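Subject: Handover of a structure

Hello,

Here is the structure I promised to pass on. My notes follow below it.

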Amino acid sequence: MVAARKPAVPGSALHLVPALPQRAPAPELAAAEPVIRAETLTIRYGEFAAVRDTTLDIPPKQVTAIIGPSGCGKSTLLRAMNRMNDFIDGVRVSGRLLFNGRDVYGPDTDPVELRRRVGMVFQKPNPFPKTIFKNVAWGPAVNGYRGNLAELVEESLRKAALWDEVKDQLNKSALALSGGQQQRLCIARAVAMQPEVLLMDEPCSALDPIATARIEDLIDQLKSQYTVVLVTHNMQQAARVSDRTAFMLMGELVEVDVTSRLFTTPGDPRTQDYITGRFG
Ligand SMILES: Nc1ncnc2c1ncn2[C@@H]1O[C@H](COP(=O)(O)OP(=O)(O)OP(=O)(O)O)[C@@H](O)[C@H]1O
Ligand SMILES: [Mg+2]
């Protein structure tokens, strides 16, 4: 089901954002220990610092959006959270990044296990050239899942709002699905690993408005069980689905706040300029 869009907030500084979540997160959630915490984190490609001196808490079971102009370091910061940056030559990380209080880059952290607990969905859907069923079942199977795989596949596809469309064709190639369906399949694949955190890097950028709305609904549902970090260029999307929003500019975290506040009364003039479309 595609949720009805919420009405615009009268007097909003951001004419670009028609729908602003009005509720602040429940106080107990805001006060909860962060699932992920970046402390004075700097990430360099060679000598170039793509993310500089960033301190950011990601609270549990909320959606945190990261916005900012192209090249400001959003994907770099997101990829650090499950060490996907490890696959890029020349990346150096300083400062600290904690997942449930443990150092993500510490010697005791197994990056494979980390990525199981901190899943990722990419901008471009990247299903395996296998059946729909195998796309979802493969990860849990190789990780020694002991439950009923068929049930897990169904549950994951239901969570990703794809089950009804594919339940009669689970043995069809995933590559035969539409782009929006492939993206929901990739979300189901990530969800099947039963992660604690889902990192999403512009998951809707290649999708039409209907598929986008479905994925936004899904993100809204997922946060009852998961912590979601969502990178998006789409400020309306950040406003619609996130509880908190972080604004980055040229490698720096300018500010992070409850989404409705950041979009109506930002604390920094650079945020104001960005959300009112003056640059970026
Ligand atoms: N593999 C890489 N090697 C060298 N520099 C890189 C690499 N990836 C990104 N960068 C640089 O780091 C900076 C931040 O890039 P990043 O991809 O994190 O930005 P972004 O905010 O996600 O941008 P976009 O909105 O366009 O996706 C940019 O200046 C980019 O050119
Ligand atoms: Mg990016």
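How many bridges join strand β4 to β5? The count is 2, and the two strands run antiparallel. Strand β4 covers residues 91-99. Phe99 has Arg102 in β5 as its bridge partner.

Some ground rules. This is a predicted model, in which local features need pLDDT of at least 70, side-chain atom pairs count only at pLDDT 80 or more, and totals for chains, interfaces and linings use all residues. Residues are numbered from 1 along each chain as its sequence is written, while chains are lettered from A and ligands numbered from 1 in the order in which they are written.

The overall picture: the chain has 11 helices and 10 strands. These are DSSP runs, numbered from the N terminus (helices: H or I, at least four residues; strands: E, at least two). Of the 280 residues, 42% are buried (20 or more other C-beta atoms within 10 Å of the residue's own, with C-beta atoms placed from the backbone).

Two strands pair if DSSP finds at least two bridges between them.

Next, strand β9 (residues 244-249). 6 of its 6 residues are buried, so the rest of the structure largely encloses it. Arg244, Ala246 and Met248 lie on one side, and Thr245, Phe247 and Leu249 on the other. β9 runs parallel to β3 (residues 63-67), joined by 4 bridges. There, Ile66 stands opposite Ala246. β9 also pairs with β10 in the antiparallel sense, over 6 bridges. Phe247 has Glu255 in β10 as its bridge partner. The two strands form a hairpin with 2 residues between them. Met250, in the turn, has a positive phi of about 45 degrees.

Leaving aside neighbours within four places in sequence, Leu253 is in contact with Thr54, Leu56, Ala246 and Met248 (contact: C-beta atoms, placed from the backbone, within 7 Å).

Last, ligand 1. The residues around it include Tyr45, Lys74, Ile88 and His233 (C-beta atom, placed from the backbone, within 6 Å). Helix α2 (residues 74-81) gives the most to this shell, with 3 residues.

Best wishes

How values were computed. A residue is buried if 20 or more other C-beta atoms lie within 10 Å of its own, exposed if 12 or fewer, and partly exposed in between; C-beta atoms are placed from the backbone. Two residues are in contact if their C-beta atoms, placed from the backbone, lie within 7 Å.
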